[in-house]
Amino acid sequence: MRTITAATAAALLALPFVPLSSAADAVSGPPMGWSSRSLGCSVSDASVRQAADALAPLAPLGYRYVIIDDCWLAPQRAAGALAPDPARFPGGVTALAGYVHGKGLKLGLSLSAGTKACAGGGPGSYKSEAADAAQVKEWGVDYVKYDWCNIPTGDFPGQNVQQIGQTLYPRMRQALGGDVVFAMNNEDGSTVPWLWGKDAGATTWRTNVYNRPIADAYATMVDIWEFNQLRAEYAGPGSWADPDLLQAGRGGMTNTEYRTQVTLWAMGAAPLILQADPAKAPPAIVGNPKVIAVDQDTLGAHGRLVKSDGWYHVVSKPLAGGDRAIALFNESDRAATISTRLGASRYRVEELWTDPASGGVTSSAGELAAQVPAHAALLYRVSESREQAPPLVTFEADPPAFLGADRPSVLEPGRTGEIVTRVTNTGATARLRDVEVTAAAPPGWQVTARTPARTSRLDGGETFTVTWAVTPPADAALQNHDLTFSMGGQSATAVVTVAKSPGAGRTYLSDLAWTSVKNYFGPVEKDTSNGERAAGDGRPITIEGVTYAKGLGTHSPAEIEYYTGGRCSAVEFQAGIDDEVGAAGSAGFEVWADGGRVAYSGLLTGAMPARKVTASIEGARYIRLVATNGGDNATSDHADFADATVTCQ
């Protein structure tokens with residue numbers, strides 16, 4: 001379980017609702033558009049025009065702001081005035097603004113509240129706020145992202161960072177006036193802008209506590225969403241919480257994870273600003289008009305958690321006209337059913353990510369429940385209604401055996417296992433008739449129903465369960481595979497892991513395939529030390545002058561997981577810090593069997609000989625070798641699991 005989520009869930013749920021009045025603002029909803037951040041200092045007049053061309057087709061959906069994020073300024077002012085970099089923007093900002101406006105779009109620029117820009121070496125707006133604001137407005141700029149870099153804190157004796165921010169940010173807001181979007185961008189959160197950004201007239205204010213831009217990675221995105229939820233009470237129409245840019249199209253996450261980000265951002269009434277080239281942002285993800293309507297809803301409310309247990313989250317957002325948006329978010333690594341009570345009435349329920357051609361409208365008598373794929377978020381629009389729509393159905397494939405089970409089921413090559421599907425009529429509004437479940441599997445797989453796969457009727461509250469015999473081929477790849485089941489136009493996917501337990505006897509772990517691996521720098525190396533960042537650059541494993549032909553070279557903190565299938569009894573290795581870092585480095589070496597630690601080496605340093613570690617792993621389905629940081633700098637923590645073996649039946 002994600003400890004940060006479990007630890008913050010109670011705080012997130014306890015936040016009170018505080019209605020906010022609208023701040024002076026130039027937009028009717030959270031800003032939408034594109035940022036040049038990914039271009040860095042390679043940004044240019046040509047690249048911005050190209051982005052504007054690609055963004056224009058999305059303008060009818062609300063994507064209107066073309067924002068140049070740093071590196072557009074000349075190194076020095078010209079006669080005291082800001083000037084664009086002559087090499088990157090030889091035509092000037094006015095001409096560029098005219099081009100962008102001609103596309104039906106608006107132009108944004110970044111400025112800094114300090115003495116210098118955050119990147120590119122240009123001047124900041126400190127003590128020049130009025131002149132700089134007048135100048136960018138004269139150029140035709142519609143949006144200012146106001147950064148917090150190079151702040152002369154010495155000019156504010158006795159004041160903390162928040163007090164300084166409350167002095168400098170309002171200066172630029174007032175100078176710009178209400179017809180320019182004002183995005184307060186304090187990336188490390190040191191000025192706590194959520195406490196006062198609305199009063200300062202900010203259109204948006206950053207909410208995370210990361211002193212860096214958002215990464216194109218699922219875990220980071222979820223962390224930032226959690227921080228954003230903690231600021232929900234301060235957000236409202238005209239002054240919105242900003243958890244940073246949309247990542248869809250950059251390639252670091254799956255399409256499911258990108259849909260999740262857009263869903264969570266829409267539920268938070270967050271700015272929808274693309275970081276990818278607009279031409280590469282998938283239209284089905286960033287251009288869903290029903291999802292955008294939730295983000296841009298005129299009520300301007302920030303969605304609140306109504307249910308959360310650390311892995312599975314229910315977020316509800318009131319919408320103008322009395323409807324609600326409800327998101328079911330499965331943070332875990334396997335599909336899970338998430339449910340919530342709607343109230344004592346009958347409801348029209350529309351799933352907003354569904355292909356419009358297939359409908360997606362159902363009816364419920366008080367409960368909303370669905371199997372949500374791993375890392376996915378389903379988004380619904382719910383309204384009270386007497387409409388006779390089909391009953392709401394929960395269709396599950398391979399549901400977890402217990403709440404919190406986040407690991408996909410495991411099948412072994414050539415061995416038959418079981419997968420269960422469940423169909424539940426949760427609508428309690430009408431009977432389902434002629435329910436039939438069918439299966440589709442990858443080539444070479446065998447999937448056969450062990451129990452009847454069809455039932456003539458299913459009343460409200462009833463569940464129809466089918467047990468399937470599933471056999472992967474003997475040569476199935478040792479990775480995750482999708483098994484798809486269908487029922488009445490709905491589909492449910494079971495993600496199963498094909499893994500092979502070690503053979504009988506004693507086997508070197510470096511000769512086996514791991515199921516997952518994490519390493520601080522570079523890859524974990526087999527039969528060599530960690531070396532540096534590149535794969536295959538390790539040296540013979542050597543600890544205090546003793547060389548080992550076999551083993552695993554890591555850089556702690558590191559984790560290496562293996563599937564053992566309950567057939568193994570012991571793990572052994574020689575633990576130590578590799579000689580390639582000299583006497584530096586320190587680490588602890590652990591063995592985990594399923595959910596518990598079964599062995600620990602104690603703290604070892606680069607000046608100590610190897611220490612033998614033996615662990616009993618009887619009955620464990622998975623084991624993990626873990627190298628922990630010794631509490632100092634991790635630079636030299638080259639941790640070796642020398643002669644690492646597993647003994648199995």
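Student: If helices (H or I, at least four residues) and strands (E, at least two) are DSSP runs, numbered from the N terminus, which residues of helix H2 (residues 45-55) are buried?

Tutor: This is a predicted model, in which local features need pLDDT of at least 70, side-chain atom pairs count only at pLDDT 80 or more, and totals for chains, interfaces and linings use all residues. Residues are numbered from 1 along each chain as its sequence is written, and side-chain values use heavy atoms, with hydrogens and water left out. The buried residues of H2 (under 20% relative accessible area; exposed is over 50%, partly exposed in between; 1.4 Å probe, protein chains only) are Asp45, Ser47, Val48, Ala51, Ala52 and Leu55. Seen down the axis of H2, these fall within an arc of 165° (taken from the directions from the helix axis to the C-beta atoms), so they line one face of the helix.

Student: What do the buried residues of H2 pack against, and which residues are exposed on the other side?

Tutor: They pack against strands S1 (32-35), S2 (65-68) and S8 (272-274), and against helix H3 (92-102), where contact means heavy atoms within 4.5 Å. Ala46 and Gln50 are exposed on the other side of H2.

Student: And helix H4 (residues 129-139), which residues are buried there?

Tutor: Glu129, Asp132, Ala133, Gln135, Val136 and Trp139 are the buried residues of H4. Viewed down the axis of H4, they fall within an arc of 165°, so they line one face of the helix. Their cover includes H3, strand S3 (106-112), strand S4 (143-147) and helix H5 (161-176). Ala130 and Glu138 are exposed on the face turned away from that buried side. Gly140, which follows H4, has a positive phi near 100°.

Student: Changing topic: at what angle do the axes of H6 and H7 cross?

Tutor: The axes of H6 (residues 218-230) and H7 (residues 255-267) cross at roughly 10° and come within 11 Å. Axes are lines fitted to C-alpha atoms, for helices over the stretch in contact, with angles from 0 to 180 degrees between N-to-C directions.

Student: How many residues of S35 are buried?

Tutor: In S35 (residues 586-593), 7 of the 8 residues are buried, so the strand is largely enclosed by the rest of the structure. S35 is joined by 7 bridges to S36 (residues 596-605), running antiparallel, and by 7 bridges to S38 (residues 622-629), again antiparallel.

Student: Which residues stand opposite Trp592 and Gly588?

Tutor: Trp592 faces Arg597 in S36, and Gly588 faces Thr628 in S38. S35 and S36 form a hairpin with 2 residues between them, and Asp594 in the turn has a positive phi of about 50°.

Student: Lastly, is Gly531 buried or exposed?

Tutor: Gly531 is buried, with a relative accessible area of 1%, and is found in the loop between S29 (525-526) and S30 (541-543). Beyond neighbours within four places in sequence, Gly531 contacts Asp537, Gly538, Arg539, Glu580 and His638.

Notes:
Two strands pair if DSSP finds at least two bridges between them.
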